[in-house]
Amino acid sequence: MKVIENISYHNIYSSTKNDKSEVLNGLLNRQQKKISSKFFYDETGSILFDKITKLKDYYPTQKEMEILDDNRQEFYDYLPSNSSVIEFGSGSNKKIKRLIKSLKKPFEYIPIDISKDFLFKNALHSAKYFPNLKVKAICADFNQIKSIKKLIDSKKKKIGFFPGSTIGNYCPSDAKELLQNFSNILGPNNHLIVGVDLKKDKSIIERAYNDSEGVTELFNKNILNGLNKKFNTSFDSNNFNHKAFFNNEKSRVEMHLVSNKEHSVDFINNPITFKIGESIHTENSYKYSVENFKKLAESAQMEIKKVLKDKKSFFGIFFLKVTSI
Ligand code: AVJ
């Protein structure tokens with residue numbers, strides 16, 4: 001077997017938050033029941049999400065790829081050579097491959113994610129694919145700033161990468177905090193490349209979350225199967241209908257699971273009761289105008305240097321620079 005020498009693994013993640021009490025809190029005695037969208041991504045959920053990214057109706061992934069493919073020269077010209085490329089969250093390898101191929105002599109690739117097995121597997125794949133690139137996989141939460149910085153060469157230029165419009169899952173105040181964490185990790189004058197789904201005709205957005213093949217519906221309902229496995233509960237996803245709509249006032253897609261009958265589910269000896277029509281809010285996906293994303297970035301001491309869009313302006317890749325911290 002060939003030994004892969006251009007990779008190192010670091011695990012500094014320690015889970016402090018209690019998932020069980022977080023879920024219970026979201027479901028018990030609340031006007032609007034909710035489950036955090038991080039619980040979508042168990043093994044089945046990750047497979048379903050991967051299917052979503054390939055759907056005709058789900059435009060964000062296609063459009064972001066289009067931007068990465070059509071602007072290779074822009075990336076090459078604008079971003080510094082010999083940089084450490086830090087990917088926040090480790091998705092499928094497709095996007096980072098495109099970014100790295102567009103850069104001048106990247107020094108190393110540092111993916112950071114809390115989901116260790118997935119991260120290490122993807123990182124190994126990248127190390128094999130780019131045999132001349134150093135890969136340093138760090139299992140950590142983005143708020144473990146000090147420990148992360150200890151693992152990163154402070155003298156190197158840095159390019160942060162946060163694709164997929166994952167930022168859209170955070171409410172504006174959390175998104176600001178997240179960008180500030182990235183600023184702290186990257187340091188002044190370094191770069192952050194963020195993929196952001198843009199505001200557009202409501203019918204196009206709503207179709208992306210109500211796809212004709214019903215994969216998003218399965219993805220939404222699967223969050224309950226995930227909870228059942230993790231906490232030994234017995235939610236029946238047949239008792240819920242998928243609902244996704246654009247909330248114009250908040251500029252976000254909301255996904256809900258709407259109970260189609262009056263019933264109750266036991267959660268560690270706490271009865272969770274559902275009326276007909278009562279929903280569990282499972283996800284927000286904020287859509288930004290260029291102007292509003294600019295405001296968000298500036299509130300986190302970052303400056304927008306460049307925005308690349310696809311031909312239809314459905315999606316934006318924002319080039320940010322850390323000003324001060
Ligand atoms: C991975 C969070 C960007 O919000 O569009 C896809 C997740 N939810 N279909 C998104 C998702 C429903 C996706 N993000």
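Tutor: Helices (H or I, at least four residues) and strands (E, at least two) are DSSP runs, numbered from the N terminus. Just after H1, asparagine 29 adopts a positive phi of about 50 degrees. The model is predicted: local features need pLDDT of at least 70, side-chain atom pairs count only at pLDDT 80 or more, and totals for chains, interfaces and linings use all residues. Residues are numbered from 1 along each chain as its sequence is written, and side-chain values use heavy atoms, with hydrogens and water left out.

Student: Which residues of helix H1 are buried?

Tutor: Buried means under 20% relative accessible area, exposed over 50%, and partly exposed in between (1.4 Å probe, protein chains only). In H1, residues 19-27, the buried ones are Val23, Leu24, Gly26 and Leu27. Viewed down the axis of H1, these residues fall within an arc of 160 degrees, so they line one face of the helix; the arc is that of the directions from the helix axis to the C-beta atoms. An α-helix has 3.6 residues a turn, so residues three or four places apart point the same way.

Student: What covers the buried residues of H1?

Tutor: Contact means heavy atoms within 4.5 Å. The cover includes strand E2 (33-34), helix H10 (215-231), strand E10 (263-267), strand E11 (270-274) and E12.

Student: Which residues are around the ligand?

Tutor: A residue is near a molecule if one of its heavy atoms lies within 4 Å of it. Those around the ligand include Tyr41, Phe49, Tyr58, Asn169, Tyr209, Glu283 and Ser285. Helix H2 (43-53) and strand E12 (279-286) are the elements that give two or more residues to this shell.

Student: Is asparagine 122 buried or exposed?

Tutor: Asparagine 122, in helix H6, is buried, with a relative accessible area of 10%. Its side chain joins that of asparagine 93 through a polar contact of 3.0 Å. By comparison, asparagine 132 lies in the loop between helix H6 (116-129) and strand E5 (134-139) and counts as exposed at 78% relative accessibility.

Notes. Polar contact = N/O pair within 3.5 Å; in protein donor to acceptor, adjacent residues only side chain to side chain.
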